[in-house]
Amino acid sequence: MAVTRGFLGRRPSDSSRVPPGQYVTRDFPVLSAGPTPSTRLDDWDFTLRGSVESPVSWSWAEFQALPREKFTVDIHCVTKWTKLDMPWSGVSLDTLLSAVPTPASHALAFSDGGYTTNIPLADLRGGKAWIVDEYDGRPLDPEHGGPARLLVPHLYFWKSAKWIRGLNLLTEDQPGFWERYGYHNYGDPWKEQRYYGD
């Protein structure tokens, strides 16, 4: 039987860290809903808008000056790969959301390129989500969502919007891009919430 050089197959899963139906990969696969946008850092900002008294924005320089966190998490993609021990650096959404009192219960993340995804606000608070701009000690590559992406590691990776530009804070849930095309509205990998009805 011929085996392609370098092909090692799928690594065995550590069942305590890998949700059902997932396999572990050493790669960092690239999946996008469209072309990779190119955003100059001088033009980048992050905005909280919607159900707030007035929108709040941070330029790239202002974002860089915010308190930062370095952390390592596992990532689970709806396409069934899991990557363990991924080191990131960024700003906690607790820090950003503390700037805007809001009655909102949900957020619709929006990105360069028109991508959106919906997330309950409770899933963005309590040390559960970040805006990250570094991976493995280096600036985040555009193919992986740089200059900055949302990171919500306890949900499937499509909820961690690439090329993030802000959150629209909402008092009612509003489906995002993939959710309108049949993906699950919430996306818990431990419950295999991949598609509508799961």
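**Note on the predicted model**

1. In residues 34–178, the end C-alpha atoms lie 12 Å apart, and the span is 8% helix and 41% strand. The model discussed here is predicted. The UniProt record, in an unreviewed entry, lists residues 34–178 as "domain: Oxidoreductase molybdopterin-binding".

2. The next point concerns a sheet. Five strands, in the order S3-S2-S11-S6-S7, form an open sheet with mixed pairing. Strand S3 (56–59) and strand S7 (116–120) are the edge strands, since each pairs on one side only. On average, and with direction ignored, neighbouring strands of this sheet are turned by 15° against each other.

3. Strand S2 (residues 45–50) pairs with S3 in the antiparallel sense, over 4 bridges. Which residue of S3 is the bridge partner of Thr47? The partner is Ser57.

4. A contact between a charge and a ring also deserves attention. The charged end of Arg49 sits over the ring of Phe110, at 3.7 Å from the ring centre.

5. The aromatic rings form a further topic. The model holds 18 aromatic pairs. One of them joins Phe177 and Tyr181, with 5.2 Å from centre to centre and 45° between the planes, and this pair is tilted. Is Tyr181 buried or exposed? Its relative accessibility is 59%, over the 50% limit, so Tyr181 counts as exposed. Phe177, at 22% relative accessibility, counts as partly exposed.

6. Another pair joins Tyr183 and Tyr195. Their ring centres are 5.4 Å apart and their planes stand at 85°; because this angle is over 60 degrees, the pair is edge-to-face. The pair links distant parts of the chain: Tyr183 and Tyr195 are 12 residues apart, and each lies in the segment after helix H3 (177–180).

7. Ring pairs link Phe177, Tyr181, Tyr183 and Tyr195 with Tyr115, Tyr156, Trp158 and Trp178.

How values were computed. Residues numbered from 1 in each chain as written. Predicted model: local features only at pLDDT ≥ 70, side-chain atom pairs only at ≥ 80, totals over all residues. Heavy atoms only, no water. UniProt positions renumbered as here; feature names shortened; annotations may be inferred. Helix = DSSP H or I, 4+ residues; strand = E, 2+ residues; numbered from the N terminus. Phe/Tyr/Trp six-rings, centres within 6.5 Å; stacked < 30°, edge-to-face > 60°. Buried < 20%, exposed > 50% of the residue type's maximum accessible area, 1.4 Å probe, protein only. Lys NZ or Arg CZ within 6 Å of the ring centre and 35° of its normal. Pairing = 2+ DSSP bridges. Axes fitted to C-alpha atoms, helices over the stretch in contact; angles between N-to-C directions.
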